[in-house]
Amino acid sequence: MIRTHTLGYPRIGPKREWKFALEAFWAGKSSEAELAGSWRALRLQQWDDQRQAGLDMVTAGDFAPYDHIAAMTLRLGAAPARFGFEPGQSRWARHFALARGTSSQPALELTKWFDTNYHYLVPELDPATRFAPDAQDLLDELALARERGLAAKPVLPGPLTWLWLSKSRAQGFDRLALLPALLDAYVRILRPLHAAGAAWVQLDEPILALDLPDVWKDAMRAAYAQLAGTLGAQQGTAGLKLLVATYFGPLEDNLDLACGLPVAGLHVDLVRGLGEAAWVAERLGADKVLSAGVIDGRNVWRDDLDAALALLRGLRSRGGELWIAPSCSLLHVPVDLDAEDELPQPFKGGMAFARQKLGELQWLAQALREGDALSPATATALQASRAARANRLADARMRRAELRARIAALPCDQRASGYAARAARQRARFALPLLPTTTIGSFPQTADIRAARAAFKRGEIDLAAYERRMREAISLAVRKQEELGLDVLVHGEAERNDMVEYFGEQLEGVLFTRYGWVQSYGSRCVKPPVIFGDVLRPKPMTVQWSAYAQGLTQKPMKGMLTGPVTLLQWAFVRDDLPRSEVALQLALAVRDEVQDLEAAGIGMIQIDEPAFREGLPLRQRNWQAYLDWAGRAFRLSASGVRDDTQIHTHMCYSEFNDIMPAIAALDADVISIETSRSDMELLQAFGAFQYPNEIGPGVWDIHSPRVPDQAEMERLLRKALDVIPAERLWVNPDCGLKTRGWAETEAALAHLVSAAKAVRAGT
Ligand code: GLN
Ligand code: ZN
């Protein structure tokens with residue numbers, strides 16, 4: 001028996017319908033009933049996609065209004081008591097309270113979902129946490145599916161994953177203490193689903209792709225034994241069938257654990273865990289369903305169906321029931337490639353979004369059922385897929401001889417001199433005061449700036465007019481910085497829509513889709529660039545703006561670039577080269593830009609790497625290899641300059657404890673990090689490590705409109721001075737200011753400058 005299914009589907013809609021529905025509702029422009037109507041319409045459309053692709057079951061529970069972990073938290077009745085929900089409050093209202101906060105309560109913390117760019121809402125637990133399970137949302141959805149004549153498979157975060165992803169609000173509280181009560185709550189959710197006709201429930205346990213402490217492994221084993229016992233969940237019994245799903249990586253030391261769980265089926269990621277396919281097939285009993293995740297749910301390329309088919313044929317010989325699926329939920333890819341009317345060939349032909357990936361499943365299942373004697377239709381489909389993939393990979397833009405020659409003979413990735421020698425030259429060149437003040441790059445993206453960009457895109461103003469308006473915005477930012485008395489200025493990034501898109505649009509080998517949106521969190525979507533071929537920088541990307549800005553002031557003007565690791569991390573990347581090699585290509589492009597800035601008289605250049613840490617692999621044993629190539633890419637981009645050119649970098653976080661050596665090895669002359677919200681606590685890592693170069697720990701949390709006063713910033717600076725000597729300390733906000741208004745910006749920066757002066761006077 002061969003079946004097809006998906007682990008989940010994009011929520012946002014082919015035209016971002018869900019985003020707009022949410023935002024209209026939040027703005028008070030639509031009612032809850034209208035929102036529910038939009039949800040239903042979109043859910044039916046998603047099911048239609050799944051049904052048309054011939055999937056044997058559609059998904060339920062994956063279309064969370066904001067986030068699937070928050071939905072599970074509510075279902076478990078485990079929302080923190082601090083929200084004080086009223087009995088009559090609707091599911092929608094509760095969900096959005098967790099997601100967006102209320103007048104008296106901050107929202108749940110938002111954090112990255114494994115190594116994706118999706119963010120989930122972190123459950124908060126403490127010893128007083130009680131569960132009050134309620135499966136009504138799923139029951140309603142199952143009823144809707146039944147009404148449509150569809151067999152639905154509810155998809156829920158598994159109990160161990162939900163617990164692992166939560167955080168304890170009480171010091172020293174071991175969340176595993178809640179497991180017995182949690183399992184009881186799961187049972188009370190799963191039973192009614194079974195009673196309502198669900199034959200299968202998928203429980204997602206992606207933590208099986210992580211390094212798990214032994215107690216968690218034991219807990220996983222015990223938990224599923226208990227669930228199986230209570231629910232009669234084993235294959236062959238009349239009970240509810242559980243499919244445990246793992247994804248985002250190989251199982252490694254959790255392989256036996258996963259294969260041995262007493263459930264009816266196991267889904268594995270056979271894209272990232274391809275090397276384990278045979279092991280899993282051997283270990284997983286033939287009485288269990290093997291769901292083979294062979295279609296890449298993390299990328300936008302058509303799969304190699306021949307390879308997938310060969311793999312599936314091999315797995316079939318295992319004897320047990322075989323399901324075919326994407327590697328993970330399709331949440332992480334855009335919805336529909338057919339909507340793209342401007343993508344160049346042969347790249348469009350070589351791509352697949354969620355709808356197209358469902359189509360791939362269908363052909364694979366078809367081919368597998370037909371065996372050796374493929375029907376003409378199947379043979380034609382496979383041939384078309386093969387040709388489309390081959391055409392993409394054969395395109396001349398995939399291999400640029402001039403670039404490959406440079407990659408084969410890379411320059412040294414170290415600066416000419418060590419930090420101490422460079423610092424002496426830079427001190428002589430820039431003559432900055434102690435505790436120099438600066439900002440992270442962007443200044444407010446005013447309505448005026450956005451209007452100019454929109455008008456230019458629509459062709460209402462020409463390039464000359466657009467550039468004039470950008471120069472006006474830049475000169476305004478420079479004038480304000482001079483008035484404020486900042487020491488190192490920036491041009492303000494008015495000309496940039498987004499720190500990745502701006503560069504991606506100017507690089508060869510990178511394309512942008514029109515509708516390729518992917519949910520980041522809630523209604524927030526990103527449209528990742530697609531690095532499809534060899535990356536080349538045909539001409540300078542930022543020099544004219546930086547040079548213009550430098551011409552307006554005697555103060556040093558920092559050039560502002562996005563680093564190679566971040567460009568890579570926030571894109572969909574070609575699948576025929578290792579990421580490490582694509583990073584080197586990007587590094588050369590940035591290196592060329594850095595050198596052009598230097599030649600144009602820009603003495604300080606900041607290379608932003610906010611995504612450097614989030615690129616860390618899920619398994620710790622893979623960290624060093626990543627840090628090696630990512631660090632090298634950064635250094636390659638930064639090292640081609642004179643000693644007296646000052647390289648800055650910026651990272652929007654500061655949990656550096658476990659990667660301090662790699663951060664130091666980047667050897668940026670100055671690094672700015674986010675620390676104000678942690679009250680400088682996070683700076684400790686730099687002190688403990690005796691970080692050798694200069695640091696600007698943020699003294700102003702720019703994430704809210706609140707303007708901290710001078711005393712507060714002074715206090716933070718003094719705290720920083722306990723850890724970092726004054727000669728190596730900079731004064732700056734936590735991050736860029738593009739989301740702030742000018743009024744707050746000017747007020748806060750005035751306090752920042754006077755705080756620096758006051759502390760300077762005292763040192
Ligand atoms: N230079 C960028 C800015 O100021 C950095 C943004 C970021 O770190 N995410 O906007
Ligand atoms: Zn930042």
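A cavity here is a set of points, on a 1 Å grid over the protein atoms alone, where a 1.4 Å probe fits but cannot get out; the points are joined across faces, edges and corners, and a volume is the space filled by probe spheres set on them. Lining residues, in turn, have an atom within 4 Å of a point. For the second largest cavity these are D413, Q414, R415, F634, R635, A638, S639, I647, L666, D667 and A668. Helix α22 (residues 623–638) gives the most to this lining, with three residues; helices (H or I, at least four residues) and strands (E, at least two) are DSSP runs numbered from the N terminus. By class, the lining of the second largest cavity has five nonpolar, two polar and four charged residues, where Ala, Val, Leu, Ile, Met, Phe, Trp, Tyr, Cys and Pro count as nonpolar, Asp, Glu, Lys and Arg as charged, and the others, Gly among them, as polar.

Residues are numbered from 1 along each chain as its sequence is written, and chains are lettered from A and ligands numbered from 1 in the order in which they are written. The model being predicted, local features need pLDDT of at least 70 and side-chain atom pairs count only at pLDDT 80 or more, while totals for chains, interfaces and linings use all residues; side-chain values use heavy atoms, with hydrogens and water left out.

By the cavity rule above, there are eight cavities of 30 Å³ or more. The largest cavity holds about 200 Å³ of space. It is lined by 21 residues, and R11, H68, V155, D204 and Y247 are the closest to its centre. At least two lining residues come from each of α3 (68–75) and β6 (152–157), with β6 giving the most, three residues. The lining of the largest cavity divides into ten nonpolar, seven polar and four charged residues.

Helix packing comes next, with α5 taking part in both pairs described here. The axes of helix α2 (residues 32–52) and helix α5 (residues 136–147) come within 12 Å and cross at roughly 55°; axes are lines fitted to C-alpha atoms, for helices over the stretch in contact, and angles run from 0 to 180 degrees between N-to-C directions. α2 is therefore oblique to α5, given that angles under 35 degrees count as roughly parallel, over 145 as roughly antiparallel, 65 to 115 as roughly perpendicular and the rest as oblique. With contact taken as heavy atoms within 4.5 Å, W39, R40, R43, L44 and W47 in α2 meet E141, L144, A145 and E147 in α5. This contact has five nonpolar, no polar and four charged residues.

For α5 and helix α7 (residues 179–195), the axes come within 10 Å and cross at roughly 15°, so α5 is roughly parallel to α7. This crossing, too, is right-handed. Here L138, L139 and L142 in α5 meet I189, P192 and L193 in α7, a contact of six nonpolar, no polar and no charged residues.

Two backbone details complete the picture. The peptide bond from Q345 to P346 is cis, with omega near 5°, and P346 lies in the loop between β12 (322–326) and α12 (354–370). F248, although not a glycine, has a positive phi of about 85°; this residue is found in the loop between β9 (241–245) and α9 (255–260).

Key: On a 1 Å grid over the protein atoms alone, a cavity is a set of points where a 1.4 Å probe fits but cannot get out, and a pocket is an open set with protein on both sides within 12 Å along at least five of seven lines; lining residues have an atom within 4 Å of a point. A crossing is left-handed if the near helix is turned anticlockwise from the far one by less than a right angle, and right-handed if clockwise.
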